[in-house]
Amino acid sequence: MMTKHFSGAASEADEYRLFTLRNANDMVVTVSERGAALWAWRAPDRYGRMADVLQAPGRSAGMALWQGRHADGGVQLLRMGDGDALAQMTRFRLDDDGSLTVEHEVVAMALAPLETASNPCFNLNGGMADVGDHMLQIDADYYVEADANGAPAGVAAVAGTAFDFRQPAPIGARLRWPDSQLVGRAGFDHCFFVRDHFAGGQGPLRKVARVVDPGSGRCLQVYTTEAAMQFCAGPLGGFTLEARSRPELASAAWPNMMVLPGQVYRQTSVYRLSLEA
């Protein structure tokens, strides 16, 4: 654990701590109290060369400061939010098989929107190039179309579109498709409804996405209990795959799920990093 001094646009600087998790295969994950964010994930490629597969989040002064500690073989972070209307806890645990488990627990004292932390941005080649040649697979038959302002406009089938990742496809090639949802935009920033949970709600932890970098051999598999995944990627930089709770499309709360007073909300996601043969 180390302490960092943070100075941003805020009038006063403050401090936050970084917590380190290490497994038996020398993978190292760093978690920050600033935003309860994943800060770094160092892992070997097929040749044993180590690299950070995460892009560190911007050190914005607007990111909430959580209180962290090592607990139960992992890292636990706590914060109160929205005028103490929400109590939030996030746990990170790194296992020897390369699985990073992220558990969110939210307790509401008053009606409040659900916001989960971490939001990791990946580049499996360690930043040596963009993610255009990364092969992506998402187990989803439907996605949410967005209007010109990025607001949800309706549910559409992925078949025959740039959004059909039911079989592995390179991210870069799909970004160049002449799809109305991509032309003139920064890239993918869309919600996919994963199979078996299109009707919404949570389910058992299951694999919903897989990404492979052919050059390094690194493979990322994503598991979640949630009904949807938000996929973001552009011509430059990395990609994100974030679990999403699926409210009804017509809900005024979109894209936020509202947590009711007295409700306890739990969410689990697992990012498993391994090597292709």
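Modeller: Two strands pair if DSSP finds at least two bridges between them. Keep that rule at hand. This is a predicted model.

Colleague: Which residue stands opposite Tyr142?

Modeller: Phe193, in strand E15. Strand E12 covers residues 140–146, and strand E15 covers residues 188–194. They pair in the antiparallel sense over three bridges.

Colleague: Through what do strands of a sheet pair?

Modeller: Through backbone hydrogen bonds, and the pairing is either parallel or antiparallel. Here is the case at hand. E12 and E15 belong to an open sheet of five strands. The order reads E13-E12-E15-E18-E19, with antiparallel pairing.

Colleague: Which are the edge strands?

Modeller: Strand E13 (152–157) and strand E19 (239–244). Each pairs on one side only. On average, neighbouring strands of this sheet are turned by 25 degrees against each other, direction ignored.

Colleague: Now the whole chain. How many helices and strands are there?

Modeller: One helix and 21 strands. The chain has 277 residues, and 49% of them count as buried.

Colleague: What share of contacts joins residues at least 24 apart?

Modeller: Take the contacts between residues at least 6 apart in sequence. Of these, 58% join residues at least 24 apart.

Colleague: On to salt bridges. How do I read one?

Modeller: Look for a side-chain nitrogen of Lys or Arg within 4 Å of a carboxyl oxygen of Asp or Glu. By this rule the count comes to 12. One of them joins Arg49 and Asp45, with the closest N and O atoms 2.9 Å apart.

Colleague: Is Asp45 buried or exposed?

Modeller: Asp45 counts as buried, because its relative accessibility is 6% and the cut-off is under 20%.

Colleague: Where do Asp97 and Arg272 lie?

Modeller: These two form a salt bridge, the closest N and O atoms being 3.6 Å apart. Asp97 lies in the loop between strand E8 (86–94) and strand E9 (99–108), and Arg272 in strand E21 (residues 264–275), so the pair ties together parts that are 175 residues apart in sequence. Asp97 is partly exposed at 40% relative accessible area. Arg272 is partly exposed too, at 24%.

Colleague: What does Glu276 meet in a salt bridge?

Modeller: The side chain of Arg210, at 2.7 Å from N to O. Glu276 lies in the segment after E21 and Arg210 in strand E16 (residues 206–212), so this pair ties together parts 66 residues apart in sequence.

Colleague: Which residues do shared partners join into one network?

Modeller: Asp139, Asp141, Asp164, Arg166 and Arg195.

Definitions and conventions:
Residues are numbered from 1 along each chain as its sequence is written. This is a predicted model: local features need pLDDT of at least 70, side-chain atom pairs count only at pLDDT 80 or more; totals for chains, interfaces and linings use all residues. Side-chain values use heavy atoms; hydrogens and water are left out. Helices (H or I, at least four residues) and strands (E, at least two) are DSSP runs, numbered from the N terminus. Buried means under 20% relative accessible area, exposed over 50%, partly exposed in between (1.4 Å probe, protein chains only). Contact means heavy atoms within 4.5 Å. Axes are lines fitted to C-alpha atoms, for helices over the stretch in contact, and angles run from 0 to 180 degrees between N-to-C directions.
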